[in-house]
Amino acid sequence: MKKNLARWFDSDVGYSFRTSPMAMLAAAIAVVCVFCSLFAGWVAPHNPFDLSTLELSDARLPPAWIAEGSSKYLLGTDDQGRDILSAVIYGARISLVVGLASVLLSVVVGVALGLLAGFRGGWIDAVLMRLCDVMLSFPAILVALLIAGVGRALFPNAHESLAFGVLIFSISLTGWVQYARTVRGSTLVERNKEYVQAARVTGVAPLRIMRKHVLPNVMGPVMVLATIQVATAIITEATLSFLGVGAPPTSPSLGTLIRVGNDYLFSGEWWITVFPGLMLVLIALSVNLLGDWLRDALNPRLR
């Protein structure tokens, strides 16, 4: 593990990371957000989902640095008396899990179909690319909104795991297309190179050629695209939750918290929606900056 880490730091990508203050800052912010989200039970000062600890008398308290605020709630409370800081930490965990899971599903499906279309060609390529064209003709947020809404209507009393499964599926339904088209284009170039022809001559099975030889050489653009798409998936989840068809109300994500705070924004309780919004912007911005750096680091022409 240490040798691999040292080797990475000595590589061109590691050197690019060490010499890029913006990439290091974005990585630090992303690591802190992920750490707080994964260990929310230890980091958060309160459990916002424990109804026995909520006090309605503490509802809509301002942040601690305002005169009416309380030191018990650093960023204030919402309409139910939940600590905003704790709710933001727990909500970020839900947003990150849904975003990462949807991107992972999109990558698996998109890379597999793109690799198959580019390597095999023929009618398989034609059918898959026409399917991609059809999926691209619909706005991604509209498809996600439709699937999430239909799932919520079909399973109104579904368990949280099923609700999150429908949400992840709705975001991934159009997300795989970009990976499929990217991998297909790279595979069309790689399949005509000498190392692939040599593998074919020696009798290596096509599936093994795709998995062992072609796949590692087309993953560079996929990594860059996946990094950027994480932020897009998180924002899509927040949009769906803001519209009321995303995360279940019992497990509010950042989008749900923003929607709740939006009702009190013009009555003076600005902190209920501002701090979840800032957390969402911080996560999306740090991930996008990392994606931009990774794109430049993996492309020799941009170094």
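The model is predicted: local features need pLDDT of at least 70, side-chain atom pairs count only at pLDDT 80 or more, and totals for chains, interfaces and linings use all residues. Residues are numbered from 1 along each chain as its sequence is written, and side-chain values use heavy atoms, without hydrogens and water.

Pockets, then. A pocket here is an open set of points on a 1 Å grid over the protein atoms alone, where a 1.4 Å probe fits, with protein on both sides within 12 Å along at least five of seven lines; lining residues have an atom within 4 Å of a point.

The largest pocket holds about 360 Å³ of space. It has 16 lining residues, and L100, T227, V230, V287 and L290 lie nearest its centre. Helices α3 (21-38), α5 (84-120), α10 (206-242) and α12 (271-298) each supply at least two of the lining residues. The lining has 14 nonpolar, two polar and no charged residues.

Next, the second largest pocket, with a volume of about 280 Å³. Its lining counts 20 residues; A140, I171, T174, G175 and Q229 lie nearest the centre. Helix α8 gives the most, seven residues. By class, this lining has 10 nonpolar, 10 polar and no charged residues.

Now the surface. V34, F35, L38, F39, W42 and V43 make a nonpolar patch of about 630 Å². Three of its residues come from α3, the largest share. W42 sits in helix α4. Is W42 buried or exposed? W42 counts as exposed because its relative accessibility is 72%, and exposed means over 50% relative accessible area (1.4 Å probe, protein chains only).

Methods. Grid points are joined across faces, edges and corners, and a volume is the space filled by probe spheres set on the points. Helices (H or I, at least four residues) and strands (E, at least two) are DSSP runs, numbered from the N terminus. Ala, Val, Leu, Ile, Met, Phe, Trp, Tyr, Cys and Pro count as nonpolar, Asp, Glu, Lys and Arg as charged, and the others, Gly among them, as polar. Patches are made of residues with over 30% relative accessible area and no salt bridge: like charges are joined within 9 Å, nonpolar side chains (Val, Leu, Ile, Met, Phe, Trp, Tyr) within 5 Å. Accessible areas come from the Shrake-Rupley method with a 1.4 Å probe; for residues, only the protein chains shown count as cover. A salt bridge is a side-chain nitrogen of Lys or Arg within 4 Å of a carboxyl oxygen of Asp or Glu. Buried means under 20% relative accessible area, exposed over 50%, partly exposed in between (1.4 Å probe, protein chains only).
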